[in-house]
Amino acid sequence: MSDIIKIAVPELGLRKPREIVAKNKTVRRVWALQLQEVKLAQLQDEAMTSDEDAIKAYESVIKMLDDNEEFLVEVLKLNDKQKDALEELTQSEFARLTARVQMAIIHSEDSLAVSDEQAEPDTDPKLSDANA
């Protein structure tokens, strides 16, 4: 396993894949972001019995989004134009990008450090023309 990850991010206008070194501090940050997400999910699963609970949940969501954006800006070394493109992504695009980068850094088996556009579509052999 290499400690240098190349990741393509055409959705932010990056023409060439960026190289990310999986330094201990970067890996630790990924795990901290993952922990933050689990805590948020747990908070959202609990019954919100007061306005204070709702405020805490909303603040946690905003902090998680801000922390993930800051992480992507730093590890991908984004310029101002690319930062703007990051903020213009839809929520699902942002979540996919964040997950793709994080999983690549921690060498997840499910990680693909390629863009969604580069990924080959799943095909069911039963549905292919060869079996028609």
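Asparagine 68 is buried, with a relative accessible area of 5%, in a model that is predicted. This residue belongs to helix α2. Beyond its neighbours up to four places away in sequence, asparagine 68 touches Leu33, Phe94, Thr98 and Gln102.

**Overall make-up**

- Four helices and two strands form the secondary structure of the chain.
- In sequence order, these elements follow the pattern β-β-α-α-α-α.
- Among contacts in the chain with a separation of 6 or more, 64% join residues 24 or more positions apart.

**Helices α1 and α2**

- Helix α1 covers residues 24-45, and helix α2 covers residues 51-75.
- The axes of the two helices, α1 and α2, come within 10 Å and cross at roughly 160°.
- An angle over 145 degrees counts as roughly antiparallel, so α1 and α2 are roughly antiparallel to each other.
- The crossing in which α1 passes α2 is left-handed.
- On the α1 side, the residues that meet α2 include Thr26, Arg29, Val30, Leu33, Gln36 and Leu40.
- On the α2 side, the residues that meet α1 include Lys56, Ala57, Ser60, Met64, Asn68, Phe71 and Val75.

**Glutamine 36**

- Glutamine 36 is a residue of helix α1.
- The relative accessibility of glutamine 36 is 17%, and because buried means under 20%, glutamine 36 counts as buried.
- With neighbours within four places in sequence left aside, the contacts of glutamine 36 are Lys63, Met64 and Asp67.
- Lys63, Met64 and Asp67 are also listed among the α2 residues that meet α1.

**The largest nonpolar core**

- The largest nonpolar core has 23 residues, and Leu12, Leu76, Leu86 and Val101 are the ones that touch the most other members.
- At least two residues of this core come from each of β1 (4-7), α1, α2 and α4 (91-105).
- Helix α4 gives the most to this core, with five residues.
- Leucine 12, setting aside its neighbours within four places in sequence, is in contact with Leu76, Leu78, Gln82, Ala85, Leu86, Leu89 and Leu97.

**Arginine 18**

- Arginine 18 lies in strand β2, which spans residues 18-21.
- At 23% relative accessibility, arginine 18 counts as partly exposed, because that class lies between the buried limit of 20% and the exposed limit of 50%.
- Arginine 18 and leucine 76 are 58 residues apart along the chain, yet their C-alpha atoms are separated by 6.5 Å.
- Leaving out neighbours within four places in sequence, arginine 18 is in contact with Ile5, Lys6, Ile7, Leu76, Lys77, Leu78 and Gln82.

**Lysine 77**

- Lysine 77 is in the loop between α2 and α3, where α3 covers residues 80-87.
- The relative accessible area of lysine 77 is 61%, and because exposed means over 50%, lysine 77 is exposed.
- The phi angle of lysine 77 is near 50°, which is a positive value in a residue other than glycine.
- Lysine 77 is also one of the contacts of arginine 18.

Technical notes: Residues are numbered from 1 along each chain as its sequence is written. This is a predicted model: local features need pLDDT of at least 70, side-chain atom pairs count only at pLDDT 80 or more; totals for chains, interfaces and linings use all residues. Side-chain values use heavy atoms; hydrogens and water are left out. Contact means heavy atoms within 4.5 Å. Buried means under 20% relative accessible area, exposed over 50%, partly exposed in between (1.4 Å probe, protein chains only). A nonpolar core is a set of buried Ala, Val, Leu, Ile, Met, Phe, Trp, Tyr and Cys residues joined through side-chain atoms within 4.5 Å. Axes are lines fitted to C-alpha atoms, for helices over the stretch in contact, and angles run from 0 to 180 degrees between N-to-C directions. Angles under 35 degrees count as roughly parallel, over 145 as roughly antiparallel, 65 to 115 as roughly perpendicular and the rest as oblique. A crossing is left-handed if the near helix is turned anticlockwise from the far one by less than a right angle, and right-handed if clockwise.
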